[in-house]
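Let's take a walk through this structure together, starting with the whole chain and ending with a couple of single residues.

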Amino acid sequence: MQPSDTRASVTSPDAPATAPSPTATADDRHRPGQRAFRRANLALFAAGVATFVLLYSTQGLLPVLSADLDLTPGQASWTASAATLGLALGLLPASALSDRHGRTAVMTASTLAASALALALPFAPDLTTLVTLRVLQGVVLAGLPATAMAYLAEEVHPSALPSAMGLYVAGNSIGGMGGRLLSGWTAAGLGWRWGLAASAVLALLATLAFRLLIPAARHFTPAPVDARALARTVGRHLRNPLLVRLYALGMLFMAVFGAVYNTVGYRLIAAPFHLPESIAASIFVVYLVGTGTSAAAGRLSGRLGRRGALYVSIGVTAAGLLLSLAGSLLCALLGLVLITAGFFAGHATASSAVGRTATEGRAQASALYLIAYYLGNSLGGTLGADAYHATGWPGAATVGLVAMALATAVTLHATRRAHTARRTVANA
């Protein structure tokens, strides 16, 4: 990477990176019913699949890794947390590159480089090498998530953005499920190295589909790399109370998800369930629930408003955590369904709100959301695995319940501020 590429960029207020090009207007942004809208949705769906197949390729393997490499749940969980930590570190530089070189170019290069690293993972001789490669994989993957959100915000008409973002998040859920299932099932029969190899092949196929489908950007204007401009834009975003609350919510929802999915495999193969590893790996089929709730999040927000949708998402997630504490397998599975549904609805609601709230520097606004989101995954996954190792499933569930209590406090604060503002206007 050239030195100039390592500097972050945003466009100055006089020449915003997200401004339409002279030959394009807001009226020709993609809308439902148009062929380009369908292609953009399918392409970003495929991109989400590729990203999450790679990002979570080791999560379905954690019990197998623990057995083969003699690791505790906390140690094995670093193979999952390392990738999300690397992705968080790479998001702002990657968003700067997308401002300079274009959204589609950066997204394509990102997934291809991450897939190449995925082919090296099966040859890792020990935990240290595996974790190091996973950090690098996360860093190069960073070019896709924030850039994808910025692409949708620029190219899709605002009226269709919630549904488009919901479908992108649905692709994330399919990729997360498919990667975990494929690697878990393969590992159950052939070992974790073959499981990782199978994930790499699936990600390559999804990357190819993305590249063939993605429509050319019509509302992107290249911007020079400027670290000082980035600092100013990041500062403006971090001084925006609404964006800060959305970032906090993304972190808290993802902390729950990391804590639960880093430990659920260990729970299912242990007493009292004693499920075979191949059956325990199949639990990730629950991700299909996330696909549906992500796509429905836009409709939920339309009916209840953003805060109403967030309250529902928090309540469903917390109810799932409490139900999962029961000793029966049925309650454990139903609880996981609710946790998954609530998480994906909350994430889709918060992430689409970021794109609508940021009027400039959208790539950086999206990057900041995803930094918080993936830091939440790394933190929640590690804390949840350590808590599980110490006290079993109640420890991991408690980590999730604390996160949802904090998310409730954040949303209540926003509700009170909104009510205060309305009273002020009414009394003026």
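## From the whole chain to single residues

Let's begin with S301, which you'll find in helix α13, the stretch covering residues 287–324. Is S301 buried or exposed? Its relative accessible area is 18%, and the cut-off for buried is under 20%, so S301 counts as buried. Setting aside neighbours within four places in sequence, S301 touches R306, A309 and T349.

Now zoom out. Keep in mind that this is a predicted model. The chain's secondary structure is made up of 16 helices and 0 strands. Its radius of gyration is 21 Å, close to the 22 Å that the globule rule gives for 428 residues, so the chain is as compact as a globular protein of that length. Along the principal axes, the C-alpha trace spans about 60 × 55 × 40 Å. Take contacts with a separation of 6 or more: 84% of them link residues 24 or more positions apart.

The chain exposes about 16,100 Å², with carbon and sulfur atoms supplying 68% of that. As for charge, there are 29 positive and 14 negative ones, and their mean positions lie 12 Å apart.

Finally, head for the largest nonpolar core, which has 112 residues. Its largest share, 13 residues, comes from helix α10, residues 241–261. Among the residues with the most contacts inside this core are Y261 and Y374. Look around Y374 and, leaving out neighbours within four places in sequence, you'll see contacts including F52, L55, Y56, L87 and M254.

How values were computed:
Residues are numbered from 1 along each chain as its sequence is written. This is a predicted model: local features need pLDDT of at least 70, side-chain atom pairs count only at pLDDT 80 or more; totals for chains, interfaces and linings use all residues. Side-chain values use heavy atoms; hydrogens and water are left out. A nonpolar core is a set of buried Ala, Val, Leu, Ile, Met, Phe, Trp, Tyr and Cys residues joined through side-chain atoms within 4.5 Å. Buried means under 20% relative accessible area, exposed over 50%, partly exposed in between (1.4 Å probe, protein chains only). Helices (H or I, at least four residues) and strands (E, at least two) are DSSP runs, numbered from the N terminus. Contact means heavy atoms within 4.5 Å. The radius of gyration is taken over C-alpha atoms; the globule rule is 2.2 Å times the number of residues to the power 0.38. Accessible areas come from the Shrake-Rupley method with a 1.4 Å probe; for residues, only the protein chains shown count as cover. Lys and Arg count as positive and Asp and Glu as negative; His and the chain ends are not counted. The place of a charge is taken as NZ of Lys, CZ of Arg, CG of Asp or CD of Glu.
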